[in-house]
Amino acid sequence: MTSVWLRYLTGADIDSLGVTDADIVGAVEDVLADHGRGQVVFEPRTHLVPDNGGKGHFNILRGHLSAKQVSGVKVVGDFVGNFEQGLPSEMALILLLDPDTGMPRAIVDGTMITEARTGAMTAVGAKYLARPGSRVLGHIGARGTAWWNVVLLDSLFDFAEIRVTSKRPESREDFGRRLSERLGKDVRVCATAEETLDGADIQVEASRLVEPEALVRREFLRPGTFLVPYGTISALELTLLEDVDKLVVDDWRESRSGNPRFGALRPQLNAGLLTEDKVHAEIGDIVAGSKPGREHDAERILFWHRGLSTTDIAVATMILARAEASGVGTMLPYR
């Protein structure tokens, strides 16, 4: 009987491969173009909510990349209080599979990949939807994905000013310090969402609320603003969409799926304020060139991304190819 082996890649294995910011953004941009061309199989995410007193839940994401002939499944936890134990709030594993035989190819630590592909989605969205020459970034949140949002956005825009905030003073101060060291520029740590967002060209909301709260208000959306909200629990003023000129999503079906509590624009969906006719495009259509992105400087554009399994699989596959070429990882016998 044929023996089957699969490669296990830890976080340390991935760190050793020298993957660059441009590699991650490139992998995500390529797979978004594949979405726009219909060259992926993208299944709805599902949630597993354990009986754990509301400590957290799991997301299960599944997809297939036709161009690369790889299928995959990711399981990622979302546990807000993990910082109290020194753990990331989102920890993940990705299983890559051969779609012709069903054979498992690799198990990959998906924690960094989850964070990085989320930041890359924000960055690619900004590449096509933010105003060219945007100089000021305002960012709410200091979780793992926040780091990649700021780092990858700055790699594209080289901001003159970066403002950050989060709920806990110690987290925002540490976040600002680490970003300043990485980027080689001052990062302004703010106490409030208003101070962070008002007047910023690009605004990102990655908060960790437990109940909806209007941190992002209509008056912050000045002409030319690009807004990316993706907190699990909504941080948007309910009527904010009235001041949005163009709304883009990663996938409209995904926007409506899952637990009715989860999603930055879930209250707008539940209230009937967000309907399909109000969506300009999915980001894959824009990256593939079948629909326009930003069309003039004054547009106020909102990009809501909930997370595409295909971006996880694309980044994991890129990393697996590097690991195979370098002989990195642990080979495990499957049978």
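## A proline in a loop

Setting aside neighbours within four places in sequence, P50 makes contact with G56, H57 and F58. This is a predicted model. P50 sits in the loop between β3 (46–48) and β4.

## Two domains

Together the two domains bury about 2300 Å² between them. Of that area, 61% is on carbon and sulfur atoms. Charged pairs also link the two parts: five salt bridges run between domain 1 and domain 2.

## A buried leucine

L9 lies in strand β1, which spans residues 5–9. L9 is buried, and its relative accessible area is 0%. What does L9 touch, not counting residues up to four places away in sequence? Its contacts are I107, V108, D109, I319, L320, A323, V328 and G329.

One of these contacts is L320. In sequence, L9 and L320 are 311 residues apart. In space, their C-alpha atoms are 8.1 Å apart.

## Salt bridges

The structure holds 28 salt bridges. One of them joins E254 and R45, with the closest N and O atoms 2.8 Å apart. E254 lies in helix α7 (residues 252–256), while R45 is in the loop between β2 (40–42) and β3, so the pair ties together parts that are 209 residues apart in sequence. Both ends are covered. E254 counts as buried at 1% relative accessibility, and R45 counts as buried at 9%.

D21 pairs with R182 in another salt bridge. Here the closest N and O atoms are 2.9 Å apart.

D243 and R218 also meet through their side chains, at 2.9 Å from N to O. D243 is in the loop between β12 (226–229) and β13 (246–249), and R218 is in the loop between β11 (202–205) and β12, so this pair ties together parts that are 25 residues apart in sequence. D243 is buried, with a relative accessible area of 18%. R218 counts as partly exposed at 24%. Elsewhere, salt bridges that share partners join E161, R163, R188 and E195 into one network.

D158 is found in the loop between α4 (144–157) and β9 (161–165). Which residue does D158 pair with in a salt bridge? The partner is K185, and the closest N and O atoms are 2.8 Å apart. K185 lies in the loop between α5 (169–183) and β10 (188–189), so the pair ties together parts that are 27 residues apart in sequence. K185 is buried, with a relative accessible area of 17%. D158 is partly exposed, at 49%.

The backbone of D158 deserves a look too. D158 has a positive phi of about 45°, although it is not a glycine. Most residues other than glycine have a negative phi.

## Q69: another positive phi

Q69 has a positive phi as well, of about 50°, and Q69 is not a glycine. Where is Q69? It lies in the loop between β4 (57–65) and β5 (70–78). Q69 is partly exposed, with a relative accessible area of 36%.

## A nonpolar patch on the surface

Which residues form a nonpolar patch on the surface? They are Y8, L93 and L332. Together these residues have about 230 Å² of accessible area.

L332 is found in strand β16, residues 330–333. L332 is partly exposed, with a relative accessible area of 31%. A patch takes residues with over 30% relative accessible area, so L332 at 31% passes that cut-off.

Key:
Residues are numbered from 1 along each chain as its sequence is written. This is a predicted model: local features need pLDDT of at least 70, side-chain atom pairs count only at pLDDT 80 or more; totals for chains, interfaces and linings use all residues. Side-chain values use heavy atoms; hydrogens and water are left out. Patches are made of residues with over 30% relative accessible area and no salt bridge: like charges are joined within 9 Å, nonpolar side chains (Val, Leu, Ile, Met, Phe, Trp, Tyr) within 5 Å. Accessible areas come from the Shrake-Rupley method with a 1.4 Å probe; for residues, only the protein chains shown count as cover. A salt bridge is a side-chain nitrogen of Lys or Arg within 4 Å of a carboxyl oxygen of Asp or Glu. Helices (H or I, at least four residues) and strands (E, at least two) are DSSP runs, numbered from the N terminus. Buried means under 20% relative accessible area, exposed over 50%, partly exposed in between (1.4 Å probe, protein chains only). Buried area is the accessible area (1.4 Å probe) that two parts lose on being put together, summed over both. Contact means heavy atoms within 4.5 Å.
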